[in-house]
Amino acid sequence: MNISKQEYEQVAKKHAGSSKMYITIPKAFLIGGFICCIGEFFMNLYQYIGNDNEKSAAFTSITLVLISALLTGFGLYERIAKHGGAGTLVPITGFANAVVSPALEFKTEGYVLGTGAKMFVIAGPVIVYGIAAAFVYGIIYWIMGLFS
Amino acid sequence: MAKYVTDGTVELNGGVSVHSFAAAVGKMEGDGPLGDCFDYIAKGAELGEKTWEKAESKLQQYAFDIALSKGHLIKDDISFIFAGDLLNQCTGSAYGLRELNIPFIGLYGACSTMAESLAMASLFADGKIGEFCAAVTSSHFCSAERQFRFPINYGGVRTPTAQWTATASGCCIVGCAEQPPFVRKITIGKIVDMGVKDANNMGSAMAGAAYDSITRHLRNTGKAVTDFDAIYTGDLGQVGSDILHELFARDKVNIENIHKDCGLMLYDMEKQDVHAGGSGCGCSASVLCGHILPRIKSGELHNVLFAATGALMSTTIVQQGESIPGISHVIELSDKCI
């Protein structure tokens, strides 16, 4: 080879294009914002028909998860996500997509070893570290409570 | 008998020819700029099968069957079959070819498998070990995605350096014949690790291997880049091709006009959303069997280097933090016997 690994890294870096952030960030903002607007619409709707805040929030999450799961099943969510990026990943719809897509994909390996075992292959780490973070936060909150 | 030159290069006796060849591809590849070249274009990704793995195996079957019928052969004429793919334990090939009852040698060279299998089939043919030998490879976008990346319906965003696994298969049937295209020389690739750790940047991981094998082939055979009508690399994509050009430029050799990359040829880089280009065993296999070999046969191309490239990684090893070794095997093809 006519090049060291260090030099090669520089050459490779030079030729690897990066994402066009001036396009991807506004798109993520708009599409993510639009999903939140849909959430707000359902929140208001559920409140309008006589539910309290807590119930309306739960119903809104359930509705968004349902819509995302259906869109994933029809192969449409990934098309929106291609443009949405973090805008479709961060809201609860992204979480639903991360659970439903492996559940469907690995159906061919059976309902137990396929769908059942692989369903949380993407979302699993989010749940694990979400719970771990909540636990740490709870301890800190408790310690702070002792001194106040 | 084949003659060992030096440092991995073998010169064939002359008269080893790709008797017949066929390429079977998916819909997206059929819609690409080479769409007219392929022998079979699938209507959908499933090919009428229930799983992606079965679909890939079927594509490989089609490529083999078409190559056989184009060469006016029956399956009993094939003495050995060399085949490989990207699926774990090479199951795309094993299941695709299991009904054939032909002595089978499974190979793994990642996306370089077409060159690897063609090299082995040519060496067998040159040694008169059997009459005809087949070299087959395939890849399928969906079966590769679920094995190496994410489920198809997952809304993850691909990086600009990521490549698109081609749904494609190619088959070459090699024997001693008087018709071109002839396999003249072979340089077996070395495992070259340039320290690239990003599994979404295969072009970078493989460009060093392509440079090593092509320069070794030229040096060992006493030829220059200008002795060839074209040098085709397997699937370096845009990123890997740019790196390869720069590596040659450091030696004061300009290959930009002669070099073509199968990963950049298979798709319309403007209209089809494949990021840095195509990849997968089937990518270079289908371009070889659909585009390159017919042009040598017709005399449009005279001397060509075909250097398929592969990244010898697994998701497990990459997750453990290891870098990605690349490999590239070079096949010198010509319209002349000697």
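This is a predicted model: local features need pLDDT of at least 70, side-chain atom pairs count only at pLDDT 80 or more; totals for chains, interfaces and linings use all residues.
In which elements of chain B is confidence lowest, and in which is it highest? The lowest mean, 94, belongs to helix α10 (residues 315-319) of chain B, and the highest, 98, to strand β12 (residues 230-233) of chain B. Here pLDDT is the predictor's confidence in each residue, from 0 to 100. Chain B has a mean pLDDT of 95, with 100% of its residues at 70 or more. The model as a whole scores ipTM 0.91 and pTM 0.95.

Residues are numbered from 1 along each chain as its sequence is written, and chains are lettered from A, and ligands numbered from 1, in the order in which they are written. Helices (H or I, at least four residues) and strands (E, at least two) are DSSP runs, numbered from the N terminus.

The C-alpha trace of chain A spans about 75 × 50 × 40 Å along its principal axes.

Burial follows a simple count of C-beta atoms placed from the backbone: a residue is buried if 20 or more others lie within 10 Å of its own, exposed if 12 or fewer, and partly exposed in between. By this count, 22% of the 148 residues of chain A are buried. One residue that can be looked up in the structure is E40(A), found in helix α2 (residues 21-48) of chain A. E40(A) counts as exposed because it has 11 C-beta neighbours inside 10 Å. From E40(A) to K55(A) the separation is 15 residues in sequence and 14 Å in space, C-alpha to C-alpha. Two residues are in contact if their C-beta atoms, placed from the backbone, lie within 7 Å. Of the contacts in chain A between residues at least 6 apart in sequence, 59% join residues at least 24 apart.

Buried residues account for 59% of the 338 in chain B. Among its contacts between residues at least 6 apart in sequence, 79% join residues at least 24 apart.

The domain assignment, which comes from an automatic or database source, divides chain B into domain 1 (15-176) and domain 2 (182-334). The C-alpha centres of these two domains of chain B lie 18 Å apart. Across the boundary, 49 residues of domain 1 of chain B are in contact with 51 residues of domain 2 of chain B. The side of domain 1 of chain B that touches domain 2 of chain B holds 28 nonpolar, 17 polar and 4 charged residues. In this grouping, Ala, Val, Leu, Ile, Met, Phe, Trp, Tyr, Cys and Pro are nonpolar, Asp, Glu, Lys and Arg are charged, and the others, Gly among them, are polar.

Two strands of chain B illustrate the pairing, which requires at least two DSSP bridges between strands. In strand β3 (residues 16-25) of chain B, 10 of the 10 residues are buried. β3(B) runs antiparallel to strand β9 (residues 168-176) of chain B, joined by 9 bridges, and A24(B) stands opposite S169(B) in β9(B). Strand β10 (residues 182-187) of chain B has 6 of its 6 residues buried, so it is largely enclosed by the rest of the structure. β10(B) pairs in the antiparallel sense with strand β16 (residues 325-334) of chain B over 5 bridges.

The two chains also meet: 26 residues of chain B are in contact with 31 residues of chain A. On the side of chain B that touches chain A, α7(B) gives the most, with 6 residues.
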